[in-house]
Amino acid sequence: MKITIIGTGYVGLVTGACLAELGNDVFCLDVDQRKIDILNAGGIPIHEPGLEEVVRRNSAAGRLKFSTNVEASVAHGDIQFIAVGTPPDEDGSADLQYVLAAARNIGKYMTGFKVVVDKSTVPVGTADKVRTVIAQELSSRQHELPFSVVSNPEFLKEGAAVEDFMRPDRIVIGCDSTSEGERARDLMRKLYAPFNRNHERTYWMDVRSAEFTKYAANAMLATRISFMNELANLADHVGADIDAVRHGIGSDPRIGHSFLYAGCGYGGSCFPKDVQALERTAQEYSLNLQILQAVEAVNNQQKQVLGNKITQRFGKNLTGRHFAVWGLAFKPNTDDMRAAPSRVLLGELLRAGATVAVYDPVAIDEAKRVLELDFYDAPELLTAVRYANNPMDALDGADALAIVTEWKAFRSPDFDKVKSSLKQPVIFDGRNLYDPSVMREIGVEYYGIGRSVLAKA
Ligand SMILES: NC(=O)c1ccc[n+]([C@@H]2O[C@H](COP(=O)([O-])OP(=O)(O)OC[C@H]3O[C@@H](n4cnc5c(N)ncnc54)[C@H](O)[C@@H]3O)[C@@H](O)[C@H]2O)c1
């Protein structure tokens, strides 16, 4: 099938590459010439495990093309996926300017039936806005062409995006019941048929419910994290181990084990903005989503938990102190640093006068870029950041180690080396990677999240 992907970012590139892998003829459009140049030169602008091979294989086979040519992109695909960003606007609502610009271009250049698929995460009612914009463009050209707007939210996880796209838990598709909607449903069914061979994974619904499903999923996952973080903070006070509690409750099938890890807060491009956007949607209907307001507030506080533990231990003025930080990306297996907890910690440490040595397996370049933005008001503080080449290199002479991202490489370090490299063996573990009793045995002063049971014992 002929597919156009509008927006060649994390979601668009993975969607385009994976649909090409299944034999479709895919045209990826982006307005960012730099990204398109990298892709056309055989490179890849993001870190995503397994993606490079899929892109390379399908580009070589001629099934995957990258371009900034809008007119050609509209001409190419019978199905036009909109996968552009929907960042938070100033008031927290989803900024739809990129989605609507993409829709406008489709209306401007289409010459026959198109299925327009909202794959970006967009608030309930966006498909109507997309439909209106396309209809306006068509009418300004005095054209009457059939089209249908479909909602097909994406559930892939960065760091496992190719695997998630190729083996989805579910595919959610919202279509309307007009004749164009029926036509769109047939095309979408055909496109996704290879994913449903083993068993049917597609949930068909109306457009608004599909739009809502994506927000409901992210809001639920964010809620579980903030819930556990809040309990972890209490566990620290009462002397309980949140990890034991996690096992104790996760074994209940009504609760399950996933997404119950306490830590130093969630980040990324999705949870923070989607929770906010859902709150904003509710406000438009004069409703307050009280649980989600709390989820957001707890998470904002939780991003400060490592900084607070460090200043409790070393004092508020950190001048002359030096810290090692392991992990900058908002989660493992990605270089994405949008809303990453590491940015909050680095802000706290540097503004309190400390120097830092940071290490991340893939996010160093991205870190350099985003830290310039974070410290636009005090660029001189960035001279206090050293980018280390490996985890052990970061530890050299540090007063303590802070772990922010749970990369696999940090799980079983050589603790003898860790201890001898640090000035004193102090670890602030923002992802609860280590066992507090083992840390005590080997003489590490250990601060986890919600794990102070042994300190109290
Ligand atoms: N990143 C994720 O893990 C994830 C998962 C599920 C859903 N989503 C949602 O998918 C959407 C895209 O997210 P992302 O992380 O891929 O964003 P991204 O910022 O990585 O990519 C968006 C791309 O769209 C391009 N773009 C903007 N306007 C354009 C236009 N008019 N025409 C062509 N290209 C244009 C940008 O240059 C950019 O390359 C968002 O709504 C996001 O919430 C993201």
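Ground rules, quickly. The model is predicted, so local features need pLDDT of at least 70, side-chain atom pairs count only at pLDDT 80 or more, and totals for chains, interfaces and linings use all residues. Residues are numbered from 1 along each chain as its sequence is written, and side-chain values use heavy atoms, with hydrogens and water left out.

Overall picture. The chain holds 19 helices and 14 strands. These are DSSP runs, numbered from the N terminus: H or I of at least four residues for helices, E of at least two for strands. The radius of gyration is 24 Å, close to the 23 Å of the globule rule for 457 residues, so the chain is as compact as a globular protein of that length. That radius is taken over C-alpha atoms, and the rule is 2.2 Å times the number of residues to the power 0.38. Along the principal axes, the C-alpha atoms fill a box of roughly 75 × 45 × 45 Å. Of the 457 residues, 54% are buried. Buried means under 20% relative accessible area, exposed over 50%, partly exposed in between, with a 1.4 Å probe and protein chains only. Of the contacts with a separation of 6 or more, 74% are between residues 24 or more positions apart. Contact means heavy atoms within 4.5 Å.

Now the sheet. It is open, with six strands in the order S11-S10-S9-S12-S13-S14 and parallel pairing. Two strands pair if DSSP finds at least two bridges between them. Which strands are at the edge? Strand S11 (385–387) and strand S14 (445–447), each pairing on one side only. On average, neighbouring strands are turned by 20° against each other, direction ignored. Strand S13 (residues 426–429) runs parallel to S14, joined by three bridges. Ile427 has Tyr446 in S14 as its bridge partner.

Two helices pack on this sheet. Helix H13 (residues 305–314) touches strand S9 (322–326), strand S12 (400–403), S13 and S14, and its direction makes about 155° with that of S13. Helix H15 (residues 364–374) touches strand S10 (355–359) and S11, at about 160° to the direction of S11. For the angles, axes are lines fitted to C-alpha atoms, for helices over the stretch in contact; angles run from 0 to 180 degrees between N-to-C directions.

On to the rings. The whole structure has eleven aromatic pairs. Rings of Phe, Tyr and Trp (its six-membered ring) pair if their centres lie within 6.5 Å; planes under 30 degrees apart are stacked, over 60 edge-to-face, the rest tilted.

Take Phe165 and Phe195. They are edge-to-face, 5.7 Å centre to centre, with 80° between the planes. Phe165 is in helix H7 (residues 161–166), Phe195 in the loop between helix H8 (179–192) and strand S8 (202–205), 30 residues apart. Buried or exposed? Phe165 is buried at 4% relative accessibility, and Phe195 is buried at 6%.

Next, Phe259 and Phe271. Their centres are 6.1 Å apart and their planes at 55°, so this pair is tilted. Phe259 is partly exposed, at 30%. Phe271 is buried, at 13%.

There is also a cluster: Phe314, Phe323, Phe428 and Tyr447.

Last, charges over rings. The test is NZ of Lys or CZ of Arg within 6 Å of the ring centre and within 35 degrees of the ring normal. Arg183 sits over Phe113, 3.8 Å from the ring centre. Lys368 sits over Tyr387, at 5.0 Å.
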